[in-house]
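Have the structure open as you read.

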Amino acid sequence: MSSNPVARRRPTHRKGRPTLTRESVGRAALDFLDHHGPAELTMRSLAADLGVSPRALYNYVEDRRDLLTVAAELFESEWRPPELESGRWRESLRSYCRALRAHYRSHPGMTTLALTENITMARHPTMLRNVDALIGFFEAVGLSLQDAYRACMETIRLVAGFVELQDIVYDRPPAHVNPADLAQLPPPWLRPKGPEDSEESKGSGSSSASEGSEPVEDLPHLARLGELEPDSPDTLFAFSLDILVEGIAARAARPGE
C-alpha cells in the first residue's frame with residue numbers, strides 16, 4: 001500500500017449546485033462581469049447568480065474587494081503570451097499585442113475595474129513573469145533597462161487603453177450610443193451641432209451647455225474626413241501598433257539617450 005494515499009477530490013456539484021471554492025467564486029465574478037457592469041457586481045447579486053445565499057460567499061472571500069482580487073488574479077493567470085523573438089522583434093511584438101488585446105477583450109472592463117477599485121493585492125506570479133519577460137525582450141532589442149521597462153509599460157497601456165476606450169464601444173455599445181454612429185466618419189461627437197441637435201435637445205427637455213455660443217463652421221479637416229471610409233477597430237489597432245513599433249525602433253537606434 002502506498003504511503004501517500006491519493007487525496008479525495010472534492011465533488012464539483014452537490015444537490016445539483018456547483019460546489020463553491022475560493023477560485024470558483026472568483027471565476028463566477030469574472031463571468032458576471034462579462035455580462036454586467038462593474039457597479040452591478042455585489043456580493044448579493046453574485047450570490048443570486050450562483051443560486052446561493054450571500055452568507056455562503058463569505059466562507060470563501062472576505063468582502064467585495066477580496067472577491068475582485070481573486071477575479072483579477074484569475075484574469076492575470078490565464079494570460080499565456082506567444083513567444084517573443086528578438087530576431088524578428090517587430091512582427092513578434094505585433095503578435096504579442098494582438099494576443100494581449102484578445103485576452104483583455106475576453107473580460108472587458110476587468111482592467112479598468114482593477115484600477116478604479118485599487119486592486120493592488122492581485123500580483124499573480126504568472127503576471128510578474130510575463131512582465132519580466134517583456135522587459136527582457138525589449139532589452140534584447142537594444143533598449144536600456146530603463147527604456148525597456150518604459151516600453152513594456154507603454155505596450156500594456158496601449159493595448160489595455162485601446163480595449164477599454166475603443167473596442168468596448170463596439171463590443172458592448174452603451175445604451176446611449178447608436179451602433180450606426182460607429183460606422184460614420186467623422187463620428188457625430190466630432191461634428192458641429194446642427195438643427196437636428198437643437199430639436200433633439202428640445203424634445204428631451206434638456207438645455208444645451210453650449211447655448212448662446214458661436215457656431216463652429218471653419219473645420220476643414222474634419223469636413224474632409226467625410227470623404228473617407230471609416231476605419232474598423234482592427235485597422236485602428238494596426239495603426240497604433242505601427243506607431244509603437246516604429247517608436248521603439250527609433251529609440252533602439254539611439255542608445256544611451
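A charge sits over a ring if NZ of Lys or CZ of Arg is within 6 Å of the ring centre and within 35 degrees of the ring normal. Keep that in mind for the first stop below. Please note too that this is a predicted model.

## A charge over a ring

Which residue lies over the face of Phe237? It is Arg101, at 4.7 Å from the ring centre. Arg101 also takes part in a helix contact, as one of the α5 residues that meet α8.

On the aromatic side, the structure holds four aromatic pairs.

## Helix α5 against α7

Helix α5 covers residues 89-106 and helix α7 covers residues 125-141. Their axes are 11 Å apart, and the packing angle is about 160°. Angles over 145 degrees count as roughly antiparallel, so α5 is roughly antiparallel to α7. The crossing of α5 past α7 is left-handed.

From α5, the residues Trp89, Ser92, Leu93 and Tyr96 come into contact with Asn130, Leu134, Phe137, Phe138 and Val141 of α7. This contact counts seven nonpolar and two polar residues, with no charged ones.

## Helix α5 against α8

Here the axes of α5 and α8 are 9 Å apart, at an angle of about 50°. That angle makes α5 oblique to α8. In this case the crossing is right-handed.

On the α5 side, the contact is made by Leu93, Cys97, Leu100, Arg101, Tyr104 and Arg105. Facing them from α8 are Thr155, Ile156, Val159, Ala160, Phe162, Val163, Asp167 and Asp171. By class, the contact of α5 with α8 has nine nonpolar, one polar and four charged residues.

## Helix α7 against α8

How far apart are the axes of α7 and α8? They lie 8 Å apart, and the helices pack at about 125°. The two helices are therefore oblique to each other, and their crossing is right-handed.

Val131, Leu134, Ile135, Phe138 and Glu139 are the α7 residues in this contact. They meet Leu145, Ala148, Tyr149, Ala151, Cys152, Met153, Thr155 and Ile156 in α8. The classes come to eleven nonpolar, one polar and one charged.

## A cis peptide bond

Most peptide bonds are trans. Between Leu185 and Pro186, though, the bond is cis, with omega about -10°. Where is Pro186 found? This proline lies in the loop between α8 (145-171) and α9 (195-204).

Conventions: Residues are numbered from 1 along each chain as its sequence is written. This is a predicted model: local features need pLDDT of at least 70, side-chain atom pairs count only at pLDDT 80 or more; totals for chains, interfaces and linings use all residues. Side-chain values use heavy atoms; hydrogens and water are left out. Rings of Phe, Tyr and Trp (its six-membered ring) pair if their centres lie within 6.5 Å; planes under 30 degrees apart count as stacked, over 60 as edge-to-face and the rest as tilted. Helices (H or I, at least four residues) and strands (E, at least two) are DSSP runs, numbered from the N terminus. Axes are lines fitted to C-alpha atoms, for helices over the stretch in contact, and angles run from 0 to 180 degrees between N-to-C directions. Angles under 35 degrees count as roughly parallel, over 145 as roughly antiparallel, 65 to 115 as roughly perpendicular and the rest as oblique. A crossing is left-handed if the near helix is turned anticlockwise from the far one by less than a right angle, and right-handed if clockwise. Contact means heavy atoms within 4.5 Å. Ala, Val, Leu, Ile, Met, Phe, Trp, Tyr, Cys and Pro count as nonpolar, Asp, Glu, Lys and Arg as charged, and the others, Gly among them, as polar.
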